[in-house]
Amino acid sequence: MFEGEAESESKVKGSPSGPSHASRRSFLGVLLGLGSLVVGALLAVPLIRFALFPLLRRTTQLKNSPVGELSEFSPLTEPVMRTVQIEQVDGWRKAVSEKAIYVTKDSQGQLRVLTSICPHLGCTVPWNKEKNQFACPCHGATFAADGTRVSGPSLRGMDTLETTVQDGQLLVRFQYFRQLVSDKEVIG
Amino acid sequence: MHSIHPGESDSSPRGDAGLWGWLNRRTGLDDLLRGALDEPIPGGARFAYIFGSGLLFIFISQVITGIFLALYYVPSADHAHTTVAYITKAVTAGSFLRSLHAYGASAMVVVLFLHLSQTYIYGSYKGRRELLWLSGCVLFGLVLAMAFTGYLLPWDQRAYFATAVGTNAASEVPWIGEGLRRLMRGGTEMGTLTISRFFVAHVFLIPACIFALVASHIFLFRKAGAAGPVNQDHPKEKVELFYPRQVLMDLSLTALLIVGLGLLCFFVPMQLGPPANPADTQYVPRPEWYYLPIFQWLKYWHGSAAIVGVLVIPTLLALAIVALPFLDRSIERRPWKRPVAMAAYAFAVFWLVGLGLRSQYLDRHDPGVAQQLAKQKTDEDEYAKKPFEPELSSASLAEANVTLADPLAAKGKTIFERQSCNACHGDGGVGTAAAPPLVGISAKFSPDQLAELFKHPTAKMIAGGMPPIDLPPDDLKALIAYVESLK
């Protein structure tokens with residue numbers, strides 16, 4: 001409260017005067033001013049940490065969603081649709097939504113997870129068993145079983161999602177990608 | 001010396017040089033500071049005088065921590081508890097700051113009591129100090145009101161039920177009691193409107209009054225001058241300035257408060273209990289310790305006698321306290337020469353402490369209550385140990401799914417998603433930039449009309465990108481059932 005008192009030196013009416021007294025007062029003032037400054041700075045530490053929490057820690061995050069046991073996908077011969085629960089944390093609240101994804105295999109036979117959102121204009125792409133390809137009902141884009149582009153207006157193949165395996169569980173990180181561009185670009 | 005205004009620089013020897021000098025000439029800061037620090041204290045500095053500035057320090061600390069807590073707090077019955085849990089369990093230093101604010105309230109009451117006691121025992125309210133005393137009395141009431149309104153805001157069991165009892169007590173006041181309770185609660189029951197009211201009172205109204213009254217309290221104090229020691233028989237007694245010795249003494253209390261509160265908040269952080277559950281009929285409400293005497297006092301008054309205990313006696317007491325400087329006109333300030341005043345003080349303290357202890361004693365010796373209180377404490381400890389769980393937002397589909405009890409509508413939902421309807425109309429038909437929402441469409445169109453629109457969209461719909469839907473009749477029926485269920 002008295003940070004400025006470092007400057008209030010010298011003699012004052014009613015106080016004992018003299019150069020040595022004045023300099024004692026002034027020295028004490030500087031000491032008190034510095035002391036208050038240090039204590040004030042110390043007290044500000046928790047306040048600053050509290051206010052900067054959202055900058056230092058992730059307060060919005062998308063959690064990895066479990067797709068299923070790894071073993072159930074090993075005999076896979078064609079893409080299979082799964083619904084995953086996406087948990088999106090936003091500060092003190094979270095939103096849970098469901099998204100359809102496909103588990104399929106790439107040309108090397110490795111598991112690959114595709115989002116069902118068409119990279120053209122965002123429709124949900126169904127798997128057409130008879131034609132052995134993905135066919136978007138909206139504008140007719142088609143994709144092979146591993147998600148690569150076959151024909152139609154889409155500028156790229158179906159988007160793959162990041163996967164991880166944890167304790168034999170296949171986890172997927174759901175993301176949205178920019179539509180109508182030829183390169184995959186994450187938008188959230 | 002270079003100034004064209006005579007006398008300006010003479011008052012401050014170093015005041016004409018550099019930035020500080022310029023600031024001084026423009027603001028008179030140096031004079032202001034001197035005015036603050038060179039307050040004469042008759043009889044010299046004493047530790048007895050430190051409580052006022054201690055209160056000011058706690059008040060400033062409460063304002064600062066309060067503002068920071070508001071960064072995350074949301075005043076609504078839905079979110080209050082979640083956001084306080086977030087502060088306590090997730091945010092860095094959150095538990096510490098919240099504890100500082102909560103324990104700060106207790107510290108405020110303690111130091112306020114000491115300040116009041118010192119003023120009373122030293123007879124410092126006497127002689128030209130009526131308004132000073134009056135403003136102090138109002139401040140006392142405002143501090144208690146801050147404690148009362150702030151207590152509800154975490155919206156945990158403890159807060160909810162203590163406030164339910166507190167607002168009920170107000171309804172004992174004759175004639176206006178029921179209206180008073182409804183005014184405080186924002187209705188007949190406690191709910192989200194109660195939080196809003198308490199929040200506005202705690203954060204806007206009462207603090208504004210406190211700021212104004214603290215300013216007038218300090219102004220009136222400086223106007224009347226420090227009262228000095230009780231024994232004023234020696235008019236030649238030395239007069240010391242506020243700075244430096246009294247400042248150092250005041251700062252020692254501040255330092256004690258910082259260290260004491262800091263250690264307490266760090267090692268014994270304030271707990272947050274489980275969220276308020278108004279349906280809990282077993283809960284035994286207990287107020288914060290400083291309200292225990294009043295709580296116990298109110299227990300003794302029932303039925304027709306309640307008016308005496310709830311209204312008559314407290315009003316008379318409050319009036320007697322407020323009117324003290326008008327009633328007691330003697331200039332005698334030595335406590336040993338004021339036996340009646342001192343006896344009254346001892347009597348009051350005895351009753352306050354006695355009532356508080358009695359309340360604790362009864363709780364401990366009633367097996368039912370003691371058991372329930374122990375259970376409540378266990379519940380609180382258990383809740384405190386749980387990690388923070390974010391609140392499920394109302395937009396969550398997981399919640400919407402639960403409401404889809406109709407199997408036909410549930411089937412329709414999978415068709416809705418398989419057919420990519422959600423791509424344009426949004427998940428749950430909430431609408432996107434590409435297409436309008438479908439929520440509430442059942443009010444506009446009958447199922448038959450919808451079937452017709454699905455099969456043969458209007459020109460406007462087609463222009464907007466809506467394709468005709470070609471589905472087997474059963475699937476179409478399911479889809480319509482789902483779309484109709486969107487509310």
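## A helix pair in chain B

Helix 7 (residues 157-170) of chain B packs against helix 8 (residues 177-185) of chain B at an angle of about 145 degrees, with the two axes 7 Å apart; axes are lines fitted to C-alpha atoms, for helices over the stretch in contact, and angles run from 0 to 180 degrees between N-to-C directions. Helices (H or I, at least four residues) and strands (E, at least two) are DSSP runs numbered from the N terminus. This is a predicted model, in which local features need pLDDT of at least 70 and side-chain atom pairs count only at pLDDT 80 or more, while totals for chains, interfaces and linings use all residues. Residues are numbered from 1 along each chain as its sequence is written, and chains are lettered from A and ligands numbered from 1 in the order in which they are written.

From helix 7 of chain B, Thr167(B), Asn168(B) and Ala170(B) meet Gly177(B), Leu180(B), Arg181(B), Met184(B) and Arg185(B) of helix 8 of chain B, where a contact requires C-beta atoms, placed from the backbone, to lie within 7 Å. The residues of this contact divide into three nonpolar, three polar and two charged, with Ala, Val, Leu, Ile, Met, Phe, Trp, Tyr, Cys and Pro counted as nonpolar, Asp, Glu, Lys and Arg as charged, and the others, Gly among them, as polar.

Phe204(B) lies in helix 9 (residues 192-224) of chain B, and it counts as exposed because it has 10 C-beta neighbours inside 10 Å; the classes are buried at 20 or more other C-beta atoms within 10 Å, exposed at 12 or fewer, and partly exposed in between, with C-beta atoms placed from the backbone. Phe204(B) and Glu382(B), 178 residues apart in sequence, are 34 Å apart in space, C-alpha to C-alpha.

Helix 12 of chain B bends by about 25 degrees at Val312(B), and a proline, Pro314(B), follows within four residues; the bend is the angle between axes fitted to the seven residues ending at a residue and the seven starting there.

Chain A contains two helices and 11 strands, and buried residues make up 24% of its 188 residues.

Between the chains, 42 residues of chain B are in contact with 34 residues of chain A. The side of chain B that touches chain A has 26 nonpolar, nine polar and seven charged residues. Strand 4 (residues 93-105) of chain A pairs in the parallel sense with strand 3 (residues 391-392) of chain B over two bridges, pairing being assigned when DSSP finds at least two bridges, and Arg93(A) stands opposite Glu391(B) in strand 3 of chain B.

How values were computed: Contact = placed C-beta atoms within 7 Å.
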